[in-house]
Amino acid sequence: MCRWLAYSGSPINLETLLYEPEHSLIHQSLHARLGAETVNGDGFGVGYYDDVEVPPAVFKDTKPAWGDRNLRELARHVRSPLFMAHVRASSGTAVQQTNCHPFRHGNWLWMHNGAISQFGRLKRDLVLAVEPELFPAIEGSTDSEVMFFLALTFGLREDPPGAVERMVGFVEETGRAHGVERPVQMTVATSDGERLWAFRYSTERRSRSLFHSTTTQCLRDLHPEVFMRAELSGDARVLVSEPLRDLPGLWIEAPESTFTVISHGLFEMHPFHPKPG
């Protein structure tokens, strides 16, 4: 499938997480350990905020992340307090820029690892449920982008957890109507620039991996040789598809069927229950 990470905290260079760790996201684009595929070379994308009053910047390309010099240059110079990055392994849709994550609409970013099972059979019903005013903004052909615009349709801007629960519930209802027993497999990250949410869920209750870092102080206490001089604020958190470093106590796996919200020192985890769309 794919690999992704999301960061919230004091501004840091994107390079700090994209390239520097021993199992960085760029390393995972070629040598993923926990994904459905080892290689995630069907494009990449980064989305980052520097001012919540304006939409986030997004940089994408269809080339493999491990060999893109422009991404390396950008990551070295851009600093952000909240950013997302994604390396893609296509589940069947075309390798093109509009299919690369993260997807953006207004101030919102969205990225996904997983798939809607037999998406081709469900696509017409799912796409026609998107709010008419939002429909023209769909640029690509992925199930991930359709999930994003369904979540927007179901109220992502007002109630992100509820909107994602309704989106998943609608996809599952549509799947059952077409004889697809296990339609949803997902870890999703989304943000409005102020808060960051992450969701881990699948219909079969065997979701793709998702981890979050422990507190900054805990990192420094456990591994001062790595983190004592790191420029991370006390409220910094990293969400990842798979760990970036092999250090005991650094990563905690998100439980099955949960969502996480991070905002200005707040870190909460709650149960995730799909609802009728």
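This is a predicted model: local features need pLDDT of at least 70, side-chain atom pairs count only at pLDDT 80 or more; totals for chains, interfaces and linings use all residues.

Biologist: Okay, so which residue forms a salt bridge with Lys275?

Modeller: That's Glu165, with the closest N and O atoms 3.3 Å apart. Glu165 sits in helix H6 and Lys275 in the segment after E13, so the pair ties together parts that are 110 residues apart in sequence.

Biologist: Is Glu165 buried or exposed?

Modeller: Glu165 is buried, at 7% relative accessible area.

Biologist: And what does helix H6 lie across?

Modeller: H6, residues 160-177, lies across E6, E7, strand E8 (196-202), E12 and E13. It runs at about 25° to E8.

Biologist: What's the strand order in the sheet with E8 and E12?

Modeller: It goes E5-E6-E7-E8-E12-E13, six strands in an open sheet with antiparallel pairing. At the edges are strand E5 (103-105) and strand E13 (266-271), each of which pairs on one side only. Ignoring direction, neighbouring strands of this sheet are turned by 15° against each other on average.

Biologist: How many bridges join E12 to E13?

Modeller: Six, with strand E12 covering residues 258-263 and the two running antiparallel. One of the pairings puts Ile262 with Phe267, its bridge partner in E13.

Biologist: Which strands does helix H5 lie across?

Modeller: H5 (residues 143-153) lies across E5, strand E6 (108-116) and strand E7 (184-191). Its angle to E6 is about 125°.

Biologist: Switching topic, what's the order in the seven-stranded sheet?

Modeller: That open sheet reads E3-E2-E4-E1-E10-E9-E11, and the pairing is antiparallel. Strand E3 (57-61) and strand E11 (251-253) are at the edges with a single partner strand each, so one side of each has no neighbour in the sheet. The twist averages 15° from one strand to the next.

Biologist: Let's zoom in on E2. How many of its residues are buried?

Modeller: Six of the six, so E2 is largely enclosed by the rest of the structure. Both of its faces are covered: Phe44, Val46 and Tyr48 are buried on one side, and Gly45, Gly47 and Tyr49 are buried on the other.

Biologist: How many bridges does E2 make with E4?

Modeller: Strand E2 (residues 44-49) pairs with strand E4 (residues 79-88) over six bridges, in the antiparallel sense. In E4, Tyr48 has Phe83 opposite, and Gly45 has His86 as its bridge partner.

Biologist: What about E2 with E3, how many bridges there?

Modeller: Five, again with the two strands running antiparallel. On that side, the bridge partner of Gly45 in E3 is Lys60.

Biologist: Which helix lies across E2?

Modeller: That would be helix H3, residues 69-77. H3 lies across strand E1 (2-13), E2, E3 and E4, and runs at about 20° to E2.

Biologist: Back to the charged pairs. How many salt bridges does the structure hold?

Modeller: There are 13 of them. One of these joins the side chains of Glu242 and Arg3, at 2.7 Å from N to O. Glu242 is in the loop between strand E10 (237-240) and E11, while Arg3 is in strand E1, so this pair ties together parts that are 239 residues apart in sequence.

Biologist: Are Glu242 and Arg3 buried or exposed?

Modeller: Glu242 is buried, and Arg3 is buried too.

Methods
Residues are numbered from 1 along each chain as its sequence is written. Side-chain values use heavy atoms; hydrogens and water are left out. Two strands pair if DSSP finds at least two bridges between them. Helices (H or I, at least four residues) and strands (E, at least two) are DSSP runs, numbered from the N terminus. Axes are lines fitted to C-alpha atoms, for helices over the stretch in contact, and angles run from 0 to 180 degrees between N-to-C directions. Contact means heavy atoms within 4.5 Å. Buried means under 20% relative accessible area, exposed over 50%, partly exposed in between (1.4 Å probe, protein chains only). A salt bridge is a side-chain nitrogen of Lys or Arg within 4 Å of a carboxyl oxygen of Asp or Glu.
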